[in-house]
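I opened this notebook to record what I looked up in one structure, entry by entry. I wanted to know what is packed inside, where space is left, and which single residues deserve a separate look.

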Amino acid sequence: MSRDLDQQCVDTIRFLSVDMVQKANSGHPGMPLGAAPMAYVLWTRWLRCNPCNPHWVNRDRFVLSAGHGSALLYSLLHLTGYDLSLADIQRFRQWGSRTPGHPERGHTAGVEVTTGPLGQGLANAIGMAIAETQLAARYNRPDHRVIDHHTFVIASDGDLMEGVASEAASLAGHLRLGKLTCLYDDNTVTLSAGTNMTFTENRAHRFAAYGWHTVTVADGNDLVAIDAALQAARAETGRPSLILVRTHLGYGSPEQDSCAAHGSPLGLEDVRKTKQKLGWPAEADFLIPDEALAHFREAVERGRRDETAWNATMSAYAKAFPTLADELERRLRDELPPDWDVDVPVFPADVKGLATRDASARVMNAIAPRLVALVGGSADLDPSTRTALHGLGDFNPPPSQPDDEQGSAGGGWSYAGRNLHFGVREHAMGAIANGLAGHGGFVPFGSTFLVFSDYMRPPIRLAALMGLHVVYVFTHDSLALGEDGPTHQPVEQLANLRAIPNLTVIRPADANETAVAWRVAVETRDRPVALVLTRQALPTLDRTRYATADGLRHGAYVLSDAPNGRPDLILLASGSEVHLIGAAAERLRSERIAVRCISMPSWELFEALPQAERDIVLPAAVTARLAVELGVPQGWDRYVGARGDMLGVERFGASAPATQLLREFGFTVENVCARARALLS
Ligand SMILES: Cc1ncc(C[n+]2csc(CCOP(=O)(O)OP(=O)(O)O)c2C)c(N)n1
């Protein structure tokens, strides 16, 4: 390859990006100008992908964690032959275009994950590397490496500053993810300042301390050095690699190395000057020299060849290991095995009952053996959240000491393990789960106390935005957790989660609702699902007396009704409070009040019903409605209406035994009845 052609290709990326931003009069030109050389070397010499089939399962994964540099990614996608035309490039950041402000999964061919919130992409990539490692360990056989790809990230200062990156990088180092490479765009400038004002730690030492292999490229324009660094990263198979590439924000522009080059168009005059400085035709916009395009487009043939070769590998594998191949192929198609749910337990009626977290544990362990895609864990809480998949192995490098096994789920430590131990890293857990789901082949789950869902809200939001199938298991779901006190008692978290579009939140009322909730969580393929579960035991309802727990699928259902289905009063609740309204209803009925009791485990499932079906459950004519939930009342007015009432928790909790807390906060049969009667008077 001639130096000139290389340079021409690098500058093509640069100015396509700059022109995109300039035409849109919006965007981030600084990062593409500086990072184009590393992107060029990576995409033309190392990245194995098939532009004609962006979904080829054994492709290398690439994540632009610094999503504000989206113009760089769109340039690469267009140039290497993905389904992204020059017209798309020219409509950067416009309504309905395929080149939105930040990369969006599912919107643009070749974009693996939605990035922009800094730090997330790096953690997603770590999730993808875990996914590759886990699949390879389960499915590969000697001479049959059916899963064998690398994961690459480009990350910026902002990415490395965010806490989630530290959490995830620490875990990646521990896990020795040798097929993960992060190119760090070390340009010493952020949005508002030089890094000398905010970010002066030695990044190489920091990552080395996490257990990463690090390489420094002193000159980010040195293609040979970048290539050698990628070679060194490839050669290092026992540790993830961080390549620190010293670059210049806004390279070649009058604003080079100034934060002014970060996030606004250069302006026509400076675009011209930059082109002149780098020897690019100053008057040409969106210029793609033929030789450069031809060189980039070699990716198409290379990709086709790679995928064809892999298809042959897969065919040979399918002949040698048909059962495994079937299983793998089904997973990669994101299909559920037909029999995945045959062992879901039915729980007998039981007044003493069990906590919904315990019911969840029973269900998870019943489905896990057949649903091999179910992989996940907790942020150091599985003894409490009950999410261990017993006997199915711990995802970890083989232990260095034989007594390393405290906390094991059983089944041995290996990369084939199905239990991910996230450590006390909720934020990374959420982002890594997104990486697993984004990779494909997994129904990932992550678990912690409901109150700590706050620590992982950014990736939950992104999972919802991307429509990723991730299951969250949030336990200790109310102040009924008792003595741990207000720091651990969620109050506003349910409302918080319900506020996220495209997230299904389910708070089941007993063991059988929990079983149905898990069915819904697994069957829902296009969005995340949060299961909200109790620490305390709840009675298992006698379903010969009450409606079937399958009603959960509708989000809300009539559990017990007034004579002839004509109530004067409606009581609604979710989760543990369903039993409270049930007891209150019994008492009110003894006073000849016609009461309907509704279990409402999921607002989102209810909202998905046609209005007519919702009206059957909540008839407009009945305006005396009381909702009861151990959380902020926000939002329940939608269901109780202007003339209804809501018994909720409007302050933080307190440290005390649960029974006393429930009394103090008014969650008693007496108080529910009094509030209900007041609605009728
Ligand atoms: C979580 C989060 N906080 C803030 C921002 C807004 N923001 C976008 S880029 C950026 C920092 C830019 O610095 P750097 O990461 O070094 O990128 P570069 O300037 O090199 O392009 C910030 C604060 C964001 N995108 N995500």
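**Entry 1: the model.** I am working with a predicted model, and I keep that in mind for each entry.

**Entry 2: nonpolar cores.** I began with the nonpolar cores and asked which residues have the most contacts inside the largest one. This core has 75 residues, and those with the most contacts inside it are Ile126, Ile130, Leu180, Trp212, Tyr472 and Leu503. Helix H5 gives the most to this core, with 11 residues. I also noted another core lying apart from it, made up of 51 residues, among them Ala35, Val111, Ala292 and Phe296. As background I wrote down that nonpolar side chains tend to be buried together in soluble globular proteins.

I then followed Trp212 and listed what it touches once residues up to four places away in sequence are left out. The list for Trp212 holds Ile126, Ala169, Ala172, Gly173, Leu180, Cys182, Phe207, Arg239, Pro240, Ser241 and Leu242. Two of these names, Ile126 and Leu180, I had already met among the residues with the most contacts inside the largest core.

**Entry 3: cavities.** How many cavities of 30 Å³ or more does a search of the whole structure find? The search gives six. The largest cavity has a volume of about 110 Å³, and of the 14 residues that line it, Arg331, Glu335, Pro337, Leu371 and Ala373 are the closest to its centre. Helix H12 (residues 322-332) supplies the largest share of this lining, three residues. When I sorted the lining of the largest cavity by class, I found seven nonpolar residues, one polar and six charged.

The second largest cavity holds about 70 Å³ of space. I listed its lining as Trp43, Leu47, Cys49, Pro54, Arg59, Asp60, Phe62, Tyr82, Gly110 and Glu112, a set that divides into six nonpolar, one polar and three charged residues.

Entry 4: For the largest pocket I noted a volume of about 480 Å³ and a lining of 26 residues, of which His55, Arg59, Arg105, Gly438 and His439 lie nearest its centre. Arg59 had already come up in my list for the second largest cavity. The largest share of the pocket lining, three residues, comes from helix H15 (residues 426-439). By class, the lining of the largest pocket divides into nine nonpolar, 11 polar and six charged residues.

H23 gives the most, with four residues. The lining of the second largest pocket has nine nonpolar, five polar and two charged residues.

**Entry 5: Thr114.** I looked up Thr114 in the loop between helix H4 (86-90) and helix H5 (120-139). Is Thr114 buried or exposed? Thr114 counts as buried because its relative accessibility is 6%, under the 20% cut-off. Its side chain reaches the backbone nitrogen of Arg105 at 2.9 Å, and Arg105 is one of the residues nearest the centre of the largest pocket. Leaving aside neighbours within four places in sequence, I found Thr114 in contact with Pro103, Glu104, Arg105, Asn124, Leu462, Leu465 and Met466.

**Entry 6: Ala233.** I placed Ala233 in helix H9 (residues 223-235), where it is buried, with a relative accessible area of 2%. Not counting residues up to four places away in sequence, Ala233 touches Thr181, His213, Ser241 and Ile243. Ser241 is also among the residues that Trp212 touches.

**Entry 7: positive phi values.** Asp143, in the loop between H5 and strand S2 (151-156), has a phi near 70°, a positive value in a residue other than glycine. Asp143 is exposed, with a relative accessible area of 77%. Thr188 lies in the loop between strand S3 (180-186) and helix H8 (203-210), and its phi, near 60°, is likewise positive in a residue other than glycine. At 27% relative accessibility, Thr188 counts as partly exposed.

Notes. Residues are numbered from 1 along each chain as its sequence is written. This is a predicted model: local features need pLDDT of at least 70, side-chain atom pairs count only at pLDDT 80 or more; totals for chains, interfaces and linings use all residues. Side-chain values use heavy atoms; hydrogens and water are left out. Helices (H or I, at least four residues) and strands (E, at least two) are DSSP runs, numbered from the N terminus. Buried means under 20% relative accessible area, exposed over 50%, partly exposed in between (1.4 Å probe, protein chains only). A polar contact is a pair of N or O atoms within 3.5 Å; within protein, one must be able to donate a hydrogen and the other to accept it, and residues adjacent in sequence count only if both atoms are side-chain atoms. Contact means heavy atoms within 4.5 Å. A nonpolar core is a set of buried Ala, Val, Leu, Ile, Met, Phe, Trp, Tyr and Cys residues joined through side-chain atoms within 4.5 Å. On a 1 Å grid over the protein atoms alone, a cavity is a set of points where a 1.4 Å probe fits but cannot get out, and a pocket is an open set with protein on both sides within 12 Å along at least five of seven lines; lining residues have an atom within 4 Å of a point. Grid points are joined across faces, edges and corners, and a volume is the space filled by probe spheres set on the points. Ala, Val, Leu, Ile, Met, Phe, Trp, Tyr, Cys and Pro count as nonpolar, Asp, Glu, Lys and Arg as charged, and the others, Gly among them, as polar.
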